[in-house]
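Please look over the model shown here.

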Amino acid sequence: MPADQAGPHVTGGARAARPDTHRPRESDAAARAAHERDALLATAVRKAIGSTDAYGGMAYLRSRDRRSLVLCTIAGVPLSIVSAFRRVAAAGPLPVAVSYRTGRMITLSDTEDTMRRFPQLAVGMPYDFASACVPVTAGEERYGVISVLWAASDEGVPENARRHLGAAADRLAAGLAALEANGHPVEPNGDTAVVELVPATPPSTRVGLFDWNVATGALSVDDQFCEIFGLDPAGFDGRVASLTTRIAPGDLPEFRSAARAALDHGRVLAARVRVLDREGHPYPVELWGRVPEGGPEVRTHLVGAVLDTRTGTAAAAAVERLRDGVFSLDPDGRITYANRSVELLLRTRREDLVGLHPWEALPWLSDPVYENRYRAAMLSQQPTAFLAARPPDDWFAFSLYPDAHGVTGRVVAAEPPPGAAGPPPSEPPPGVRTGVGGMYHLLQLASALTEAVTVKEVCRAVADEILPAFGGQELAIYAVRDKRLHLISQSGYPDGFLDRFEGTPIGARVPGAEALSTGTPIFFESVHDLAAAYPAIALDEMRAWAFLPLIASGHPVGSCIIGFDETRAFTLEERGLLTALGGFIAQALERARLYDAEFALARGLQQALLPHRLPRLDDVRIAARYLPGTQGMEIGGDWYDAVVTGRDLTLVIGDVEGHSVGAAATMGQLRSAVRAFTTGGHPPDEVLVRTNQLLLDLDPGLLASSCLIRFTPSDGSALIARAGHLPPVLRHPDGHTEALYVAGGPLLGVDQTAEYPVTELRLSRGSLLALYTDGLVEDPAVPIDEGVDRLRAALARTAGVAGQGGDGLDRLAEVLLHEVGSTHRVDDVALLLTAYG
């Protein structure tokens, strides 16, 4: 962020050029290497699509700074539709990024699967399709990802897709590794190559080539030419006289006239004659020819082509005769053809339609819902239909039939839909239209902010997802405090560069402060632009900047500065997206600051409710851990306790549902009640009965689970009672482990008359008991029993840890949290370990 007090300073500026006779050769080598890389990518994408019966595919390569994945090659999928994903944050939650980071193939069978596992992708591309992402890896080096798409179906991802995709990725990785081994970088140059797929049907136009010596009558032709004229290529004698026998007699004068015109004027364009097929039936062809350039002797020669357009001409004529309107869209949604009926129905000339998107050519289709129908058809590869209204009182039914090469459309007049009251809405006023792709891109990036809870998480989301999505290299986020800007997060800046700007007044003559004070974002597309606007500015190696004001609910929150290492022409859509994202970032920061304040209070309350220390007993060691969930308030109802009563020790674990201050308060009441009833000498089953009645009397609207074990160290006897809680896990002295699925009663707070049976158990010295809450073992991808078994197996593997020194049990607790718990857990975790003997 530049400051008005800083003088001009540029680090890493341009160096003087030195003569280098090898530079052209090096440039040629680099160009050849880039061409070879692009060829490898195109071949890999084609192979991935063809071998798996996919309709489209993409290849991503890592960026130079490894923070982004850049879309380099695409086939079968309109680039305009996936423009929001041309640059993906490598640290983000999208399938491409996860596949790259983990080195695993990721498959998504349908929309429901995508929404459940990758909601940000579902927000950005809310269409029905199946997909797979496979990493491109050679040894320890990971270059990028290949992604392919299939039409939505009950089958989802084809059964053999994994093998074929893995093979395509391996071949690409080997090719890229070879390039890199020869000293050529494989990182992308920023452009996306669109690869054409071969149509399933052959082209409808045949082209034959000829070279005709008019003076001698010699005619040199290719095989296609012979086929068009019904000649046998092997038996054709190369004489024009033989050719004229295949021309309809009535068209011979036209044929000779075209030849003379070509000789006189140097060329002939689209002369039409009829040719006889092998059965003697005439059909039209077009002749295109010219006199080759050269001396006077070449004036006796004609070179050119003959076009057989029968199929295409007949098809076009058939479509022109239809009463229904028929049109064609290219893969990016532009109109390439419209029949006469389209003109009549829509009262628009074909010349005014071709080359434009329907929603651009027809103002009454500018509602984003219609563009969304086209996008849905292309990505799902399923036909779709919709009604559209043209003011003042016309309705039309549109049908779209897609494949990987475009869309065939049909339009007919229609009746108003049931419930349509009054005339259709009037056409929208002219103005800048927000594209559906930009809207989904904004939603997809904003969704990353909705998952961020703390200020630290908001800043991380901006740095890890939003910054790479726009190809930025530097990020600084400032917050307003006491009418000054204070840095709260930065990424990519040189060490110490931002120190001079700490505490800058919001009224200072610097871009970040002025953007905030005016409420208007400021964009600089080059160093020259920035230096011209702020002559006394300090610069680092960046070449373009976006200064975004962060304003929420009408008051300033801070500034966000994004730097780019190359000059950049910010498009109107990019400016709109960045401006809107500034508002989302401001709201997320404001929400996060409130959360941080509330969390400090709530966390203090929870810490006060949990035991400050655990009892120390001969022959018994106890260790406990509590971890908050990674989402939400990070405060919940999990608790643990250890209560000494005479010669006994009662171990307690419990979990109140929910994550809120109310859940924590209820937990505190239950913990106090269990401790009081236990201290009063009640057995475990009666403790749970009384606690259940108390919870029902309190009526907080919450349920709870709990497990109590009354243990007598002198003889190793134990009594266990459960209230809807997961089973304790016991490790025997010989290392054998088991989950104690003993009898239990219902959750606390359900039934006033509930009973909680007691199970007797005897522990041997050297045994270890683990009590825990479900946050440790739950995983949405597997049944809860498998999570319990994962804990049992981890206890068996770590049999020697608990006995290593006085803090061995604490180390064991940390190991279990790391090996068993999920890094993306949502629920709280409470763990109570007790070692006997």
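The notes below move from confidence to the sheet and helices, then to the loops.

**Confidence**

This is a predicted model. The mean pLDDT of the protein is 85. A value of 70 or more is reached by 89% of its residues. Residues 1-26 stay under 50 in pLDDT. In the model, this stretch has 43 contacts beyond four places in sequence. Residues 429-434 are also below 50. Beyond near neighbours in sequence, residues 429-434 have six contacts in the model.

**The five-stranded sheet**

Five strands form an open sheet, ordered β27-β28-β29-β30-β33. The pairing is antiparallel. β27 (637-645) and β33 (758-762) are the edge strands, each pairing on one side only. Neighbouring strands of the sheet are turned by 15° against each other on average, direction ignored. At the β33 end, strand β30 (residues 717-723) is joined to β33 by five bridges. In one of them, L719 has E760 of β33 as its bridge partner.

**Helices α18 and α19**

Helix α18 lies across β27, β28 (648-656) and β29 (704-712). It runs at about 15° to β27. Helix α18 (residues 661-679) also meets helix α19 (residues 684-698): their axes come within 10 Å and cross at roughly 145°. The crossing is right-handed. On the α18 side, the contact is made by T666, Q669, L670, A673, V674, F677 and T678. On the α19 side, the residues are V687, R690, T691, L694, L695 and L698. By class, the contact of α18 with α19 holds eight nonpolar, four polar and one charged residues.

**Backbone sites in loops**

Neither is a glycine, yet each has a positive phi.

| Residue | Phi | Relative accessible area |
|---|---|---|
| D482 | about 55° | 70% |
| K483 | near 60° | 65% |

Are these side chains buried or exposed? D482 is exposed, because its relative accessible area of 70% is over the 50% cut-off. K483 counts as exposed too, because 65% is over 50%.

A further site is a peptide bond. The bond from P391 to P392 is cis, with omega near 10°. P392 lies in the loop between β16 (384-390) and β17 (394-403).

Technical notes:
Residues numbered from 1 in each chain as written. Predicted model: local features only at pLDDT ≥ 70, side-chain atom pairs only at ≥ 80, totals over all residues. Heavy atoms only, no water. Axes fitted to C-alpha atoms, helices over the stretch in contact; angles between N-to-C directions. Helix = DSSP H or I, 4+ residues; strand = E, 2+ residues; numbered from the N terminus. Left-handed = near helix turned anticlockwise from the far one by under 90°. Contact = heavy atoms within 4.5 Å. Nonpolar A, V, L, I, M, F, W, Y, C, P; charged D, E, K, R; others polar. pLDDT = per-residue confidence, 0-100. Pairing = 2+ DSSP bridges. Buried < 20%, exposed > 50% of the residue type's maximum accessible area, 1.4 Å probe, protein only.
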